[in-house]
Amino acid sequence: LESLRAELYGLAAEATGVFGTGEPFPLDARVDWEFTAAGSPLTGSGKLSGDLANLRFEQVVRLPSPVSVGGVARLLQDRPEVFAEARWTGLERPLGADPGLLLRSATGRLRVRGWTDRFTADLAAALRLGDWPGAQVAATLEGDPRQVRVPDLRVDGCGGRGAGGGGVTLRDAVAGTFRLGGQRIDPAFVDPRFAGRVDFSSEVSFDDGGNFRVVLPEARGTLFDRPLRASGTVARAGPVLSFADVRVQAGANRVEFSGQWGDRLTGQFRIDAPELATLWPDVRGRLRGTGTVGGTAARPALDLDLVGSELATGDLRIGSLQARGGLDARQRLAFDAAAEGIAYAGQPVGNLTLGVAGPVSGYALQLALTGGEVEVELGGTGSYRDGIITQNVATGLVTVPGDQRWSLREPATVRVAGREVAVTAHCWALGDAELCLAESGAGAQG
């Protein structure tokens, strides 16, 4: 025979070469094949040589990134067996429908021994999932057509080391569960602003639809040279992301939150942070309070009660802060905030009060900035619809040094759509003097 074509169980193959017809059936051929039963098609091509008692193969499998596979198949034994090794560079494979869940492997090697009813394997690879930092992974595996067990898993990454084990089921849908522990993991590898060392134990489960569940009974270590403890559960089921009993103790700071983010929103949080700088980088001061979230993504509800002092971030300083209220289930706003001792870039600004009340389709707003070189009083009505804030400023008074009091002559409208801001033309009057501003706007580019 010089050519052969076959289709079986979703596998289509075509071979050309020399095929012997007597045992042990010698052959020397090139094979091209495609496997479509897995849902995401796999293709490959390469050489076969030898005979069925000792068949050598060299293939390139496309996932779609190419993977080189070579080895020997002994098919005439009472228990057939394959010895194979796969090697790759620059491998990329999507996980589920989320384009952000992309598995990358800069280099890797997988050795397999066995047959379709049972096998053993060992893996060594550099892996990276999505935007997470890369890690060097080594594992031993054993399994059958129904499942793959991982009795030994070792991960070197993020400045530390992890170890554990678990398994993956292969029937109907791919799903797995692993128990993992880590030692001296440095959070700075995830975000360079967070420096520390953390030990943890966890249980991770996932499936090929992008769903996952991470249970963290306890993590201990240091963050910003302060003691750190954390625990909680994070899960994703379809479009719903949930957090259950998440607790963080960083130095003297305590944060607790639980909730769900999807078509429906639920959640609550509590913060008691006398040393914000040891909880979150680039923020200083003291903050405590509570909050709840509810409703739906289209009609959210929010209630806050926060008190802060000696707050600072970047060039902004706030001596004291109080914020209370929010948005109820009927989409009515009732929010008041007061900030005293505001300064920016070392220059005093003053004290700010803000009050918002009424339905989002037509709320009333009052804003006053006092105690600085420039004082401002603004009032009007506004609305929020389809992601756009339209704020009408009906009254306005700006007092500048020399007790010059400029009043708004006619209403102005401010429109905010994402990062786009537009202000209608309007004029300010001081006695007989007048200052008119043309329509203006700014966007993402400034």
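P411 is placed in the loop that links β28 (404-408) with β29 (412-417), strands being DSSP runs of E with at least two residues, numbered from the N terminus. The model is predicted, so local features need pLDDT of at least 70 and side-chain atom pairs count only at pLDDT 80 or more, whereas totals for chains, interfaces and linings use all residues. Residues are numbered from 1 along each chain as its sequence is written, and side-chain values use heavy atoms, with hydrogens and water left out.

P411 counts as exposed because its relative accessibility is 55% (exposed, over 50%; buried, under 20%; partly exposed in between; 1.4 Å probe, protein chains only). Beyond its neighbours within four places in sequence, P411 is in contact with V393 and A394 (heavy atoms within 4.5 Å). E310 lies 101 residues from P411 along the chain, with 36 Å between their C-alpha atoms.

The second largest pocket is lined by 23 residues; L327, L333, V360, Y384 and I389 lie nearest its centre. On a 1 Å grid over the protein atoms alone, a pocket is an open set of points, where a 1.4 Å probe fits, with protein on both sides within 12 Å along at least five of seven lines, and lining residues have an atom within 4 Å of a point. Among the elements that give two or more residues to this lining are β21 (300-313), β27 (388-400) and β29; β21 gives the most, with four residues.
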